[in-house]
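I have opened my notebook for a first look at this structure.

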Amino acid sequence: MDPINTNHSVDMRVTIGDLQLGNPVMTASGTFGYGREFASLVDLNRLGAIIVKGISQEPRPGNPPPRIIETACGMLNAIGLENVGVERFITDKLPYLQQFDTPVIVNVLGESIDDYANLAARLERVEGIAAVEVNISCPNVRKGGVAFGTDATMAAAVTSAVRQQTRLPVIVKLSPNVTDVCAIARAVEDAGADAVSLINTLLGMSIDIKTRKPRLANVVGGLSGPAIKPVALRMVWQTAKAVAIPVIGIGGIGTTEDALEFLMAGATAVQVGTANFYHPTSVMDIVDGLEQYVHEQGMASVRAVINSLQV
Amino acid sequence: MTEFQEKSTITLRETLTPEVIRLTLKAPKIAAAAKPGQFVMARTGEGLDPLLRRPFSIHRVHSDGTLAILFKIIGKGTRLMAEMNPGTALSLIGPLGKGFNLDPQGPFCMIGGGMGIAPLYFLAQTFRQSEYRENNQPVLLGSQTQAELLLLAEEFSELGYSVLTATDDGTLGHQGFVTELLDEILRKIKQVYVCGPIPMMRTVALKCRDAGIACQVSLETHMACGLGACLGCTFPATGGGYKHVCKDGPVLSADEVIWTL
Ligand SMILES: Cc1cc2nc3c(=O)[nH]c(=O)nc-3n(C[C@H](O)[C@H](O)[C@H](O)COP(=O)(O)OP(=O)(O)OC[C@H]3O[C@@H](n4cnc5c(N)ncnc54)[C@H](O)[C@@H]3O)c2cc1C
Ligand SMILES: Cc1cc2nc3c(=O)[nH]c(=O)nc-3n(C[C@H](O)[C@H](O)[C@H](O)COP(=O)(O)O)c2cc1C
Ligand code: FES
């Protein structure tokens, strides 16, 4: 292979609503902590954006262990949305990230529509936040624990509640555990979302046949990693055709080639998740690799790759 | 704290038993920064299955920029690593986590069971260069059978420690649990360092609590990142909530966690 081209004159910029990104490579929520955890391994200034661990109004302790299990080319997690809560996020975690040029996107989660609205209102008053990403894969406690993201009406209600509370770009993160992701995507677009990101993890499980017990204490968990990439790519492609707002591709991305597939399928940007665990420098490798690809193809910018799929 | 990602090279592979392997790796940055009790995350290959890195205690460090890990083959990752020959490259991230308290405030004892012996050797090495270098401090080592223990017991003895062994089958030392050897010693010490299977650490933790002696444990949990990011490595904490073993540990004071598991 040719040496990696680190010529930063290649135009790598993309826009998500009002949000300008220096390049299309972000870190996926829950896989990059609050950024600082990776600071000695990754140059945080080189990322398109940092999306932090999902934040709720109150701190959450999360699920009992075991919470993570490796599966073939992937992993299952049932972290249970453990996080420090919005106030400690603002006082303890955000200041560190503000020293970098990289936009910080805050992933939010709630158990009711009010939770989401309150979080959006709270974050609206804070400096140094570039956008909110709304995780609608959480159970709605008022509706018997059905995930907001599996019902178009509930997904739209969360989206408009957040929209009304903030001027920040609103990215709605879609769940793949649905029959028709396009219907949900259209519903949140109509409710005012500036972009959608997908996919969140696929619901799965694993059994220890020696003990006949589930390997996760929570029994079921979310599948992520290379194993889910084909499913994610298909959903991104379908969604990109169904909505006019930008689509952010997520799911099993670990290499430049993976990222290119998502951009070609119609994604404006990508998020790298599980790969941060097994290969922390993959985000930087992908930025370098995309730059080299655009350069080699003689393209005017990385934007020429987006939606370039020939069917 | 600074972690490094290093492409290490295997310089030596020792087969202690068909199941227990020791790899010495050239990883100068990690070796120079490592403290006893810390660990590395090793990628078992370039492929995507196994996907996650595997955590291993730093077993020894040497002044030539090498470090060693000592492990038992238990699944697909360790099997792949056991087959690696000198010259093979292995990606490591480390040193990770919080290590042992290096000031035992007096006489101490180390207790290792099975592969839990691994981090204790690095601790034993480090004490030899500190004010706690006096000879004949007790080290209790346990395993299923003698094959696993012979070389390790000798290496601790060479450092000047007084080694007592226990095996399940009685082929070396006391037949039974290594924890049974502790009762004699407990009155004479101020601090216990223990690493091994959970039931063993629980027994030691309770004995120390009853005797009012400080006890540090090195815990194992499943880990995806080793960096404090995935929040997967939890152990129930005293007073509610969880400890994250990769960041708060792997070494913790025994009274910081709940031993009902
Ligand atoms: C801080 C720390 C230090 C460790 N130090 C040592 C050591 O010095 N020597 C040694 O032999 N072992 C050590 N272990 C355990 C070692 O990490 C596992 O034996 C190893 O990950 C098994 O991988 P595998 O692919 O062979 O097994 P598989 O069962 O195929 O692994 C499947 C998944 O489960 C995880 N897993 C399985 N068993 C364990 C375990 N006991 N602890 C944590 N994760 C596990 C693996 O990492 C992997 O993600 C340590 C664990 C931790 C957390
Ligand atoms: C350990 C772990 C924690 C996660 N936490 C969150 C979270 O808090 N909020 C969220 O929206 N997604 C979360 N996700 C989902 C990821 O952001 C991503 O959508 C998913 O893992 C698929 O991408 P990947 O295959 O690249 O990992 C988490 C994933 C993992 C593996
Ligand atoms: S292993 Fe990921 S947080 Fe501890």
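I call a residue buried if 20 or more other C-beta atoms, placed from the backbone, lie within 10 Å of its own. By that count, 53% of the 261 residues in chain B are buried.

A note on the source: this is a predicted model, in which local features need pLDDT of at least 70, side-chain atom pairs count only at pLDDT 80 or more, and totals for chains, interfaces and linings use all residues. Residues are numbered from 1 along each chain as its sequence is written, and chains are lettered from A in the order in which they are written.

Next I looked up the overall form of chain B. I found six helices (H or I runs in DSSP, at least four residues) and 16 strands (E runs, at least two). The C-alpha trace spans about 50 × 40 × 35 Å along its principal axes.

Then I turned to contacts, meaning pairs of residues whose C-beta atoms, placed from the backbone, lie within 7 Å. Among contacts in chain B between residues at least 6 apart in sequence, 62% join residues at least 24 apart.

How many residues of chain B are in contact with chain A? I noted 24, and they meet 28 residues of chain A.

Last, I picked out A:Val132. Leaving aside neighbours within four places in sequence, A:Val132 is in contact with A:Ile105, A:Val106, A:Val108, A:Ala120, A:Leu123, A:Val162, A:Thr166, A:Leu168 and A:Val170.

Conventions
Contact = placed C-beta atoms within 7 Å. Buried ≥ 20, exposed ≤ 12 C-beta atoms within 10 Å, placed from the backbone.
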